[in-house]
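This report walks through selected contacts, strands and side-chain pairs. Start with the view below, then follow the text residue by residue.

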Amino acid sequence: KYARAGNRFLSCEKYPACKNAKPFSTGVRCHKEGCDGELVERGGKRGSVFYGCSRYPKCRSTSAFQPVSKSCPECGFPYLVKKNVGSSEAHLACPNKECDFIQDEKQDT
């Protein structure tokens, strides 16, 4: 199902009578030290989608781009992010600010 903000979520077959709902998981663990959460899809105020830690508000880790469960070969960051820039093909990039690793999505690491 889709929320008003545009993000996906998993819900009971009998929704809205049954209010059991969970955010859509990416399967990527949060990178913050001591956090055992994972990044889930969330909806922003203006309909944008972002990815945040499932342990919010204890952990405020977020990503504007979709996380992919491949570690960075250069710095060892636990995941890469999928970026679509302009009309070009999607590429994978390291979210670590000190690392400048970028590769085409179709290439293997």
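Ser63 is buried, with 10% relative accessible area. The model is a predicted one. Ser63 belongs to strand 6. Its side chain reaches the backbone oxygen of Phe65 at 2.8 Å. Setting aside residues up to four places away in sequence, Ser63 touches Phe50, Tyr51 and Val81.

How do strand 7 and strand 8 run, and how many bridges join them? They run antiparallel, and three bridges join them. Strand 7 covers residues 66-68. Gln66 has Lys82 in strand 8 as its bridge partner. Strand 8 also pairs with strand 9, in the antiparallel sense and over three bridges. Here Lys82 stands opposite Leu92 of strand 9.

**Ala93**

Ala93 is found in strand 9, which spans residues 91-93. Is Ala93 buried or exposed? Its relative accessible area is 4%, so Ala93 counts as buried, the cut-off being under 20%. Leaving out neighbours within four places in sequence, its contacts are Leu80, Val81, Lys83, Phe101 and Ile102. Ala93 and Cys72 are 21 residues apart in sequence, and their C-alpha atoms are 8.2 Å apart in space.

**The nonpolar core**

Which residues make up the largest nonpolar core? It has twelve residues in all: Val28, Leu39, Cys72, Phe77, Tyr79, Leu80, Val81, Leu92, Ala93, Cys94, Cys99 and Phe101. Strand 8 (80-83) and strand 9 each supply at least two residues of this core. In soluble globular proteins, nonpolar side chains tend to be buried together.

The core includes Phe77 and Tyr79. Both of these residues are buried. A search of the whole structure finds one aromatic pair. Phe77 and Tyr79 form that pair, with an edge-to-face arrangement.

**Salt bridges**

Side chains of opposite charge can pair when their charged atoms come close. How many salt bridges are there? The count comes to two salt bridges. Both are listed here.

| Glu38 | Arg29 | 3.6 Å |

What does the pair of Asp36 and Arg55 tie together? Asp36 lies in the loop between strand 3 (25-29) and strand 4 (38-43). Arg55 lies in the loop between strand 5 (49-53) and strand 6 (62-63). The pair therefore ties together parts that are 19 residues apart in sequence.

Asp36 counts as exposed, at 52% relative accessibility. Arg55 is partly exposed, with a relative accessible area of 35%. Glu38 is also partly exposed, at 22%.

**Recap**

Val81 and Ala93 are among the twelve residues of the largest nonpolar core. Strand 8 pairs antiparallel with strand 7 and with strand 9.

How values were computed. Residues are numbered from 1 along each chain as its sequence is written. This is a predicted model: local features need pLDDT of at least 70, side-chain atom pairs count only at pLDDT 80 or more; totals for chains, interfaces and linings use all residues. Side-chain values use heavy atoms; hydrogens and water are left out. Helices (H or I, at least four residues) and strands (E, at least two) are DSSP runs, numbered from the N terminus. Buried means under 20% relative accessible area, exposed over 50%, partly exposed in between (1.4 Å probe, protein chains only). Contact means heavy atoms within 4.5 Å. A salt bridge is a side-chain nitrogen of Lys or Arg within 4 Å of a carboxyl oxygen of Asp or Glu. A nonpolar core is a set of buried Ala, Val, Leu, Ile, Met, Phe, Trp, Tyr and Cys residues joined through side-chain atoms within 4.5 Å. Two strands pair if DSSP finds at least two bridges between them. A polar contact is a pair of N or O atoms within 3.5 Å; within protein, one must be able to donate a hydrogen and the other to accept it, and residues adjacent in sequence count only if both atoms are side-chain atoms. Rings of Phe, Tyr and Trp (its six-membered ring) pair if their centres lie within 6.5 Å; planes under 30 degrees apart count as stacked, over 60 as edge-to-face and the rest as tilted.
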